[in-house]
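This report describes strand pairing, a pocket and salt bridges in one protein model. The sequence and structure are shown below.

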Amino acid sequence: MKPESIRLAFRFFIFLGTFCSYESLNSGEALKLIEKGILMDQIWQSLMMPNTLVQIPQGQSIVSYKVGDVTGDHFPDFIYLTGTKQADSPSFLKDITLYIKYGRSNYIQKHTLSENMGFHPTIWLGDFTGDGIDDIFIVIDSGGSGGIIFAYIYSMQKGVMKEIFNSTKFNEEHSYQVQYANQYKANIISEYPSKKYTIDLMFKGEEYLNEIYNPDGTLKQPIEGWVDPLGALYPVDYGRNGKYDLLGMQQIAGRYHADGLGYVENLLSWDGNSFSVVRQTVAIYGEDT
């Protein structure tokens, strides 16, 4: 193992020493495990997460975590989510809360999430703002039949950790209309950005179309659908330069939710103040041939 790698690993485990006892793992044992190729995340998960040594509200537990430098000070920070498990549904969590234990100061900072209930909360670290410092990307499954997610990004801005993306606010600021039209069409109208998309409904098949259209192709009655809130949000590095954008997907529903017409896809990029839509498209289902 290279001396520099040993020094970095040793520094990492000194940091983790604030969460574990020397009886469970000392630095020499840790280095041996690294040399054998065992991942640090595996070491942490199995040996280095005693719940009593980090700030956790009573009755809660750590449900997701990452270690990384989110301040740019070259000290590893411990980023974790806590939540309250439910006796009747252990996978459903309430009061999901973000905590950051800063590696340089050991100060623990709490961030309350606006939508803090759901399933499978995850943390991902990556640079969305282009400053070379990892930001904190959180996604929670709502668990509803619509497959909606709650998502947040926290970033160090001028020395202060701030929320710079909130999926609920995004949904409120980006609305749509879905209107069925004559001649087997459906129009999807985006208010921001101002766009109109027309979907050919012939792929739905004869039985579906006969229910809502007259033989001459006119609608039997007006029909409106809707676009779901964000159902998926992915970090993407289109420029391959280490700066990530967001790719959001929202299902287009027709007469009912399972009556899917396609997806609205928004590519969001940080412009220095907020995430703005730089590209919007509609993806449709293909027709069987």
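## Strand pairing around β7

Strand β6 (residues 135-141) pairs with β7 in the antiparallel sense over six bridges; two strands pair if DSSP finds at least two bridges between them. Helices (H or I, at least four residues) and strands (E, at least two) are DSSP runs, numbered from the N terminus. The model is predicted: local features need pLDDT of at least 70 and side-chain atom pairs count only at pLDDT 80 or more, whereas totals for chains, interfaces and linings use all residues. Residues are numbered from 1 along each chain as its sequence is written, and side-chain values use heavy atoms, with hydrogens and water left out.

Isoleucine 140 stands opposite phenylalanine 150 in β7. Strand β7 is also joined to β8 by six bridges, and these two strands run antiparallel; here isoleucine 153 faces phenylalanine 165 in β8 as its opposite residue. Two residues lie between the strands in the hairpin of β7 and β8, where lysine 158 takes a positive phi near 55°. Strand β7 (residues 149-157) is largely enclosed by the rest of the structure, because eight of its nine residues are buried (buried means under 20% relative accessible area, exposed over 50%, partly exposed in between; 1.4 Å probe, protein chains only).

## The largest pocket

The largest pocket has a volume of about 250 Å³. On a 1 Å grid over the protein atoms alone, a pocket is an open set of points where a 1.4 Å probe fits, with protein on both sides within 12 Å along at least five of seven lines; lining residues have an atom within 4 Å of a point. The volume is the space filled by probe spheres set on the points, which are joined across faces, edges and corners.

Of the 13 lining residues, Ile164, Phe165, Glu173, Ser274 and Phe275 are the closest to the pocket centre. The elements giving two or more residues to the lining are β8 (160-166), α4 (167-173) and β16 (275-284), and β8 gives the most, with four residues.

## Salt bridges

The whole structure holds six salt bridges, each a side-chain nitrogen of Lys or Arg within 4 Å of a carboxyl oxygen of Asp or Glu. Lysine 169 and glutamate 163 form one of them (3.7 Å, N to O).

Glutamate 211 and arginine 255 meet in another (3.1 Å, N to O). Glutamate 211 lies in helix α5 (residues 206-212) and arginine 255 in the loop between β14 (245-253) and β15 (260-270), so the pair ties together parts that are 44 residues apart in sequence. Arginine 255 also forms a salt bridge with aspartate 259, with the closest N and O atoms 3.9 Å apart. Aspartate 259 is buried, at 2% relative accessible area. Salt bridges that share partners join Lys204, Glu211, Arg255 and Asp259 into one network.
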